[in-house]
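Me: I have a structure to go through. Can we take it piece by piece?

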Amino acid sequence: MTTHGETAATSTPDARALQEGIAEFYDQSSGLWEDIWGDHMHHGFYDPNSNVSGSDHPAAQIRMIEESLRFAGITDDPAKQPKTIVDVGCGIGGSSRYLARKFGAECQGITLSPVQAGRANVLAKDEGLADKVSFQVADALKQPFPDGQFDLVWCMESGEHMPDKAKFVNELARVAAPGGTIIIVTWCHRDLGPSEEDLEPWEKKLLNRICNAYYLPEWCSTSNYVKLLQSLSLQDIQAADWSERVAPFWPAVIRSAFTWKGFISLLRSGLKAIKGALVMPLMIQGYQKGVIKFAIITCRKPE
(Lines give C-alpha, C1' and ligand atoms only; values in the text may rest on other atoms or scores of the structure.)
Protein backbone atom coordinates (compact mmCIF):
# COMPACT_ATOMS: atom_id res chain seq x y z
CA MET A 1 0.00 0.00 0.00
CA THR A 2 1.05 3.53 -0.56
CA THR A 3 0.29 6.23 1.92
CA HIS A 4 0.74 9.17 -0.36
CA GLY A 5 -2.10 11.07 -2.02
CA GLU A 6 -1.34 11.78 -5.67
CA THR A 7 -2.63 10.80 -9.09
CA ALA A 8 -3.19 11.86 -12.66
CA ALA A 9 -4.10 15.12 -14.35
CA THR A 10 -7.11 14.57 -16.55
CA SER A 11 -10.47 16.25 -16.71
CA THR A 12 -12.70 13.19 -17.09
CA PRO A 13 -15.31 12.53 -14.40
CA ASP A 14 -13.64 9.22 -13.53
CA ALA A 15 -10.25 10.89 -13.09
CA ARG A 16 -11.71 13.66 -10.93
CA ALA A 17 -13.52 11.10 -8.79
CA LEU A 18 -10.28 9.14 -8.38
CA GLN A 19 -8.38 12.25 -7.33
CA GLU A 20 -11.08 13.23 -4.85
CA GLY A 21 -11.20 9.70 -3.43
CA ILE A 22 -7.43 9.59 -2.95
CA ALA A 23 -7.36 13.01 -1.29
CA GLU A 24 -10.21 12.09 1.07
CA PHE A 25 -8.66 8.70 1.88
CA TYR A 26 -5.37 10.29 2.95
CA ASP A 27 -7.05 13.24 4.62
CA GLN A 28 -8.78 10.70 6.84
CA SER A 29 -6.04 8.11 7.32
CA SER A 30 -2.79 10.09 7.58
CA GLY A 31 -3.36 11.03 11.22
CA LEU A 32 -4.02 7.38 12.06
CA TRP A 33 -0.79 6.30 10.37
CA GLU A 34 1.29 9.00 12.05
CA ASP A 35 -0.21 8.22 15.44
CA ILE A 36 0.74 4.54 15.25
CA TRP A 37 3.72 4.42 12.85
CA GLY A 38 5.25 7.89 12.75
CA ASP A 39 6.01 10.15 9.81
CA HIS A 40 7.46 7.62 7.34
CA MET A 41 4.42 6.46 5.40
CA HIS A 42 5.96 3.58 3.49
CA HIS A 43 7.14 -0.01 3.82
CA GLY A 44 10.18 -1.06 5.80
CA PHE A 45 13.17 -2.95 4.39
CA TYR A 46 13.94 -6.20 6.25
CA ASP A 47 16.36 -9.10 6.28
CA PRO A 48 13.99 -11.96 5.35
CA ASN A 49 16.04 -14.41 7.45
CA SER A 50 15.90 -12.43 10.69
CA ASN A 51 13.35 -12.32 13.47
CA VAL A 52 11.51 -9.01 13.33
CA SER A 53 10.52 -7.26 16.54
CA GLY A 54 8.06 -4.42 16.84
CA SER A 55 10.81 -1.95 17.66
CA ASP A 56 12.55 -2.71 14.35
CA HIS A 57 9.89 -1.23 12.08
CA PRO A 58 10.87 2.47 12.30
CA ALA A 59 14.49 1.52 11.61
CA ALA A 60 13.32 -0.65 8.70
CA GLN A 61 11.55 2.35 7.16
CA ILE A 62 14.81 4.30 7.29
CA ARG A 63 16.58 1.31 5.76
CA MET A 64 14.10 1.46 2.88
CA ILE A 65 15.24 5.00 2.12
CA GLU A 66 18.92 4.14 2.45
CA GLU A 67 18.69 0.94 0.40
CA SER A 68 16.79 2.80 -2.34
CA LEU A 69 19.55 5.40 -2.53
CA ARG A 70 22.20 2.69 -2.56
CA PHE A 71 20.44 0.77 -5.34
CA ALA A 72 20.29 3.95 -7.42
CA GLY A 73 24.01 4.55 -6.95
CA ILE A 74 23.67 7.67 -4.81
CA THR A 75 26.65 7.64 -2.46
CA ASP A 76 27.91 9.77 0.41
CA ASP A 77 30.40 11.45 -1.92
CA PRO A 78 29.59 15.17 -1.44
CA ALA A 79 30.36 15.89 -5.09
CA LYS A 80 27.64 13.46 -6.21
CA GLN A 81 24.94 14.20 -3.65
CA PRO A 82 21.66 15.73 -4.84
CA LYS A 83 21.09 19.36 -3.93
CA THR A 84 17.54 19.69 -5.26
CA ILE A 85 14.92 16.98 -4.66
CA VAL A 86 11.24 16.54 -5.48
CA ASP A 87 9.21 14.07 -3.41
CA VAL A 88 6.37 12.96 -5.69
CA GLY A 89 3.76 11.67 -3.30
CA CYS A 90 5.23 13.10 -0.14
CA GLY A 91 2.76 11.91 2.49
CA ILE A 92 3.49 14.00 5.58
CA GLY A 93 7.05 14.57 4.42
CA GLY A 94 9.07 11.93 6.25
CA SER A 95 11.28 11.11 3.27
CA SER A 96 11.66 14.76 2.32
CA ARG A 97 12.91 15.79 5.73
CA TYR A 98 15.23 12.81 5.99
CA LEU A 99 16.77 13.49 2.57
CA ALA A 100 17.08 17.22 3.24
CA ARG A 101 19.02 16.53 6.45
CA LYS A 102 21.13 13.80 4.91
CA PHE A 103 22.25 15.78 1.87
CA GLY A 104 21.75 19.39 2.97
CA ALA A 105 19.40 19.56 0.01
CA GLU A 106 16.35 21.64 -0.81
CA CYS A 107 13.30 19.42 -1.17
CA GLN A 108 9.80 20.11 -2.44
CA GLY A 109 6.99 17.64 -1.85
CA ILE A 110 3.64 17.30 -3.59
CA THR A 111 0.46 15.47 -2.61
CA LEU A 112 -3.25 15.58 -3.46
CA SER A 113 -4.14 15.69 0.23
CA PRO A 114 -4.44 19.14 1.83
CA VAL A 115 -4.22 17.50 5.26
CA GLN A 116 -0.92 15.84 4.36
CA ALA A 117 0.59 19.00 2.87
CA GLY A 118 -0.41 21.06 5.89
CA ARG A 119 0.90 18.56 8.39
CA ALA A 120 4.16 18.14 6.45
CA ASN A 121 4.80 21.89 6.54
CA VAL A 122 4.10 22.01 10.28
CA LEU A 123 6.56 19.18 10.93
CA ALA A 124 9.19 20.84 8.74
CA LYS A 125 8.88 24.04 10.77
CA ASP A 126 8.95 22.13 14.06
CA GLU A 127 12.16 20.37 13.01
CA GLY A 128 13.86 23.58 11.87
CA LEU A 129 13.72 22.64 8.19
CA ALA A 130 11.24 25.21 6.86
CA ASP A 131 14.03 26.91 4.90
CA LYS A 132 14.95 23.63 3.21
CA VAL A 133 11.69 21.72 2.78
CA SER A 134 8.23 22.77 1.58
CA PHE A 135 5.04 20.97 0.61
CA GLN A 136 2.05 21.80 -1.54
CA VAL A 137 -1.09 20.28 -3.01
CA ALA A 138 -0.33 19.45 -6.63
CA ASP A 139 -0.95 16.83 -9.28
CA ALA A 140 1.87 14.37 -9.96
CA LEU A 141 0.98 14.30 -13.65
CA LYS A 142 0.98 18.07 -13.96
CA GLN A 143 3.74 19.15 -11.62
CA PRO A 144 4.12 22.89 -10.91
CA PHE A 145 7.84 22.88 -11.66
CA PRO A 146 9.95 23.95 -14.64
CA ASP A 147 11.81 21.44 -16.79
CA GLY A 148 15.08 20.02 -15.46
CA GLN A 149 14.84 21.34 -11.91
CA PHE A 150 15.71 18.39 -9.65
CA ASP A 151 18.86 16.33 -9.13
CA LEU A 152 16.76 13.59 -7.50
CA VAL A 153 13.17 12.67 -8.36
CA TRP A 154 11.89 10.54 -5.47
CA CYS A 155 8.70 8.48 -5.79
CA MET A 156 8.21 6.28 -2.74
CA GLU A 157 5.00 4.26 -3.20
CA SER A 158 3.06 6.81 -5.21
CA GLY A 159 3.04 5.29 -8.71
CA GLU A 160 0.23 2.94 -7.70
CA HIS A 161 -2.25 5.81 -7.80
CA MET A 162 -1.40 6.94 -11.35
CA PRO A 163 -4.00 5.95 -13.94
CA ASP A 164 -1.68 7.01 -16.78
CA LYS A 165 1.71 5.43 -16.13
CA ALA A 166 3.22 6.79 -19.38
CA LYS A 167 2.29 10.34 -18.44
CA PHE A 168 3.58 9.76 -14.92
CA VAL A 169 6.99 8.61 -16.14
CA ASN A 170 7.16 11.41 -18.71
CA GLU A 171 6.55 13.98 -16.00
CA LEU A 172 9.25 12.48 -13.77
CA ALA A 173 11.71 12.70 -16.63
CA ARG A 174 10.65 16.26 -17.47
CA VAL A 175 11.39 17.69 -14.02
CA ALA A 176 14.64 15.73 -13.59
CA ALA A 177 17.80 17.74 -14.22
CA PRO A 178 20.27 16.52 -16.84
CA GLY A 179 22.24 13.77 -15.11
CA GLY A 180 19.58 13.55 -12.40
CA THR A 181 18.39 10.32 -10.82
CA ILE A 182 14.81 8.98 -10.78
CA ILE A 183 13.82 6.48 -8.07
CA ILE A 184 10.44 4.73 -8.26
CA VAL A 185 9.50 2.34 -5.46
CA THR A 186 6.07 0.89 -6.09
CA TRP A 187 3.64 -1.99 -6.02
CA CYS A 188 3.32 -3.84 -9.30
CA HIS A 189 1.60 -6.98 -10.46
CA ARG A 190 3.78 -9.87 -11.56
CA ASP A 191 5.40 -9.82 -14.98
CA LEU A 192 3.43 -11.78 -17.57
CA GLY A 193 4.92 -14.89 -19.11
CA PRO A 194 5.83 -15.05 -22.82
CA SER A 195 2.54 -16.74 -23.72
CA GLU A 196 0.31 -14.64 -21.45
CA GLU A 197 -1.75 -11.68 -22.62
CA ASP A 198 -3.23 -10.81 -19.23
CA LEU A 199 -3.40 -11.87 -15.60
CA GLU A 200 -5.60 -14.78 -14.57
CA PRO A 201 -9.23 -13.83 -13.73
CA TRP A 202 -8.74 -14.67 -10.05
CA GLU A 203 -5.65 -12.46 -9.93
CA LYS A 204 -7.51 -9.51 -11.43
CA LYS A 205 -10.38 -10.04 -8.99
CA LEU A 206 -7.98 -9.93 -6.04
CA LEU A 207 -6.29 -6.76 -7.30
CA ASN A 208 -9.65 -5.10 -7.98
CA ARG A 209 -10.71 -5.61 -4.37
CA ILE A 210 -7.52 -3.89 -3.22
CA CYS A 211 -7.97 -1.11 -5.78
CA ASN A 212 -11.48 -0.36 -4.56
CA ALA A 213 -10.29 0.06 -0.97
CA TYR A 214 -7.18 2.14 -1.67
CA TYR A 215 -8.31 4.19 -4.69
CA LEU A 216 -5.92 2.59 -7.13
CA PRO A 217 -6.39 2.54 -10.89
CA GLU A 218 -5.21 -0.32 -13.10
CA TRP A 219 -1.96 -1.99 -12.05
CA CYS A 220 1.08 -2.55 -14.25
CA SER A 221 4.18 -4.75 -14.05
CA THR A 222 7.79 -3.90 -13.36
CA SER A 223 8.64 -4.67 -16.98
CA ASN A 224 6.01 -2.14 -18.07
CA TYR A 225 7.84 0.55 -16.11
CA VAL A 226 11.19 -0.48 -17.59
CA LYS A 227 9.79 -0.25 -21.13
CA LEU A 228 8.37 3.21 -20.44
CA LEU A 229 11.76 4.42 -19.18
CA GLN A 230 13.49 2.88 -22.18
CA SER A 231 11.09 4.68 -24.52
CA LEU A 232 12.35 8.00 -23.12
CA SER A 233 16.00 7.04 -23.70
CA LEU A 234 16.77 7.23 -20.00
CA GLN A 235 20.03 5.65 -18.92
CA ASP A 236 21.29 3.15 -16.32
CA ILE A 237 17.83 1.60 -15.95
CA GLN A 238 17.74 -0.96 -13.14
CA ALA A 239 14.91 -2.89 -11.49
CA ALA A 240 14.62 -5.37 -8.66
CA ASP A 241 11.93 -7.33 -6.85
CA TRP A 242 12.02 -6.43 -3.14
CA SER A 243 8.87 -8.35 -2.18
CA GLU A 244 10.69 -10.59 0.31
CA ARG A 245 12.33 -7.53 1.82
CA VAL A 246 8.99 -5.96 2.75
CA ALA A 247 7.05 -9.14 3.60
CA PRO A 248 7.17 -8.62 7.42
CA PHE A 249 5.61 -5.17 7.12
CA TRP A 250 1.95 -5.92 6.45
CA PRO A 251 1.45 -8.41 9.28
CA ALA A 252 2.90 -5.75 11.58
CA VAL A 253 0.51 -3.12 10.21
CA ILE A 254 -2.44 -5.44 10.77
CA ARG A 255 -1.36 -6.18 14.35
CA SER A 256 -0.96 -2.48 15.10
CA ALA A 257 -4.37 -1.64 13.60
CA PHE A 258 -6.10 -4.05 15.95
CA THR A 259 -4.46 -2.96 19.16
CA TRP A 260 -6.64 -0.84 21.44
CA LYS A 261 -4.80 2.31 20.35
CA GLY A 262 -5.12 1.34 16.71
CA PHE A 263 -8.80 0.48 17.06
CA ILE A 264 -9.64 3.83 18.65
CA SER A 265 -7.61 5.67 16.00
CA LEU A 266 -9.42 3.76 13.25
CA LEU A 267 -12.81 4.74 14.63
CA ARG A 268 -11.74 8.38 14.72
CA SER A 269 -10.34 8.27 11.19
CA GLY A 270 -13.56 7.45 9.35
CA LEU A 271 -15.03 4.86 7.03
CA LYS A 272 -12.37 5.08 4.30
CA ALA A 273 -9.59 4.27 6.74
CA ILE A 274 -11.60 1.41 8.25
CA LYS A 275 -12.26 -0.01 4.78
CA GLY A 276 -8.55 0.16 4.01
CA ALA A 277 -7.67 -1.64 7.24
CA LEU A 278 -10.11 -4.47 6.52
CA VAL A 279 -8.52 -5.09 3.12
CA MET A 280 -4.96 -5.32 4.50
CA PRO A 281 -5.00 -9.16 4.63
CA LEU A 282 -5.52 -9.18 0.86
CA MET A 283 -2.12 -7.54 0.45
CA ILE A 284 -0.54 -10.45 2.30
CA GLN A 285 -2.50 -12.91 0.18
CA GLY A 286 -1.31 -11.14 -2.98
CA TYR A 287 2.32 -11.31 -1.84
CA GLN A 288 2.06 -14.97 -0.86
CA LYS A 289 0.51 -15.99 -4.17
CA GLY A 290 3.05 -14.04 -6.18
CA VAL A 291 0.54 -11.68 -7.77
CA ILE A 292 1.76 -8.52 -6.04
CA LYS A 293 5.38 -7.49 -6.39
CA PHE A 294 7.14 -4.72 -4.52
CA ALA A 295 9.57 -3.23 -7.00
CA ILE A 296 12.27 -0.61 -7.22
CA ILE A 297 13.05 0.92 -10.59
CA THR A 298 15.79 3.52 -11.00
CA CYS A 299 17.38 5.39 -13.90
CA ARG A 300 19.32 8.49 -14.83
CA LYS A 301 18.46 11.31 -17.21
CA PRO A 302 21.13 11.87 -19.90
CA GLU A 303 23.34 14.91 -19.36
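Reply: Helices (H or I, at least four residues) and strands (E, at least two) are DSSP runs, numbered from the N terminus. This is a predicted model, where local features need pLDDT of at least 70, side-chain atom pairs count only at pLDDT 80 or more, and totals for chains, interfaces and linings use all residues. Residues are numbered from 1 along each chain as its sequence is written, and side-chain values use heavy atoms, with hydrogens and water left out.

Me: Which strand gives the most to the lining of the second largest cavity?

Reply: Strand S5, residues 176–189, with three residues. A cavity is a set of points on a 1 Å grid over the protein atoms alone where a 1.4 Å probe fits but cannot get out, and lining residues have an atom within 4 Å of a point.

Me: Which residues line that second largest cavity?

Reply: Among them are Thr186, Trp187, Cys188, Leu216 and Trp219.

Me: OK, cores. Which residues touch the most other members of the largest nonpolar core?

Reply: Leu69, Trp154, Ile183, Trp187, Ile210 and Tyr214, out of 49 residues. Such a core is a set of buried Ala, Val, Leu, Ile, Met, Phe, Trp, Tyr and Cys residues joined through side-chain atoms within 4.5 Å, and buried means under 20% relative accessible area (1.4 Å probe, protein chains only).

Me: What is Ile210 in contact with?

Reply: Leaving aside neighbours within four places in sequence, the partners of Ile210 include Trp187, Leu216 and Trp219. Contact means heavy atoms within 4.5 Å.

Terms used. 1 Å grid on protein atoms, 1.4 Å probe; cavity = no way out; pocket = protein on both sides within 12 Å on 5 of 7 lines; lining within 4 Å. Buried < 20%, exposed > 50% of the residue type's maximum accessible area, 1.4 Å probe, protein only.
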